[in-house]
Amino acid sequence: GGGDVITPRNKRPPSKAQAIKRALTRTEAIQLGPSSSRLPDDSPAERKYCVFYQDHGGFQSTDEANLPSQELYYVGIIDIFTKYDLTKKVEHVFKSIGNDKTKISAVHPRLYGTRFVKFMRDAISGGNSVKVTPIAAATAE
């Protein structure tokens, strides 16, 4: 006797993440040619009222007197929406043990949305519950 030999019969199938990684590493990138699609030359008139198209797509900073200052702030929101199914519900139960169930990552979508909006509101308005570090200060450390 030697150790167990892994054969195709007793080997576990790859996880979805492993399968995707394998597919990506085996796929050759191909460059796409120019697109025949064109964006409209003129923006719709109502776009000027949309907050995302004002101030060059950013948010104009203001001083203490609410007068415009020189900085523009750009906000990017990156989030992964995962279906809140039985797996997430079970994860919520286990993570809730010994932790505040409203502060863990796996929460009901309504609570998640409420928490996210509060976080953004606090971050933008300078609320006390969010620590915001300027990029220049973060990179200087």
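Author: What follows is a walk through the salt bridges and then through their surroundings.

A word on the model comes before the tour. This is a predicted model, in which local features need pLDDT of at least 70 and side-chain atom pairs count only at pLDDT 80 or more, while totals for chains, interfaces and linings use all residues. Residues are numbered from 1 along each chain as its sequence is written, and side-chain values use heavy atoms, with hydrogens and water left out.

How many salt bridges does a search of the whole structure find? The search finds three, where a salt bridge is a side-chain nitrogen of Lys or Arg within 4 Å of a carboxyl oxygen of Asp or Glu.

Let us begin in helix 2, which covers residues 86–96. Helices here are DSSP runs of H or I with at least four residues, strands are runs of E with at least two, and numbering goes from the N terminus. At the start of helix 2, a side-chain oxygen of Asp 85 comes within 3.2 Å of the backbone nitrogen of Thr 87. Further on, Lys 88 and Glu 91 join their side chains in a salt bridge, at 2.9 Å from N to O. These two residues of helix 2 are three residues apart, about one turn of the helix. Glu 91 also forms a salt bridge with Lys 95, whose closest N and O atoms are 2.8 Å apart. Here the spacing is four residues within helix 2, again about one turn. The general rule is friendly to remember: an α-helix has 3.6 residues a turn, so residues three or four places apart point the same way.

Are these side chains buried or exposed? Buried means under 20% relative accessible area, exposed over 50%, and partly exposed in between, with a 1.4 Å probe and protein chains only. Lys 88 counts as partly exposed because its relative accessibility is 23%. Glu 91 is partly exposed too, at 22%, and Lys 95 has the same label with 33%.

Now step across to helix 3, residues 109–125. Asp 122 forms a salt bridge with Lys 118, the closest N and O atoms being 2.7 Å apart. The two are four residues apart in helix 3, so about one helical turn separates them. Asp 122 counts as buried, because its relative accessibility is 14%. Lys 118, at 47%, is partly exposed.

In general, most residues other than glycine have a negative phi. Asn 66 is in the loop between strand 1 and strand 2, in a hairpin with five residues between the strands. With 57% relative accessible area, Asn 66 is exposed.

Strand 1 (residues 59–62) and strand 2 (residues 68–73) run antiparallel and are joined by three bridges; two strands pair if DSSP finds at least two bridges between them. Gln 60 stands opposite Leu 72 in strand 2. Gln 70, also placed in strand 2, is exposed at 80%. Leaving out residues up to four places away in sequence, Gln 70 touches Gln 60 and Ser 61, contact meaning heavy atoms within 4.5 Å. The C-alpha atoms of Gln 70 and Gln 60 lie 7.8 Å apart, with the residues 10 places apart along the chain.

One last stop is a nonpolar patch on the surface, formed by Val 51, Phe 52, Tyr 53, Phe 59, Tyr 73 and Val 75, with about 620 Å² of accessible area together. Patches are made of residues with over 30% relative accessible area and no salt bridge, joining like charges within 9 Å and nonpolar side chains (Val, Leu, Ile, Met, Phe, Trp, Tyr) within 5 Å. Accessible areas come from the Shrake-Rupley method with a 1.4 Å probe, and for residues only the protein chains shown count as cover. Val 75 is in the loop between strand 2 and helix 2 and, at 46% relative accessibility, counts as partly exposed.

Conventions. A polar contact is a pair of N or O atoms within 3.5 Å; within protein, one must be able to donate a hydrogen and the other to accept it, and residues adjacent in sequence count only if both atoms are side-chain atoms.
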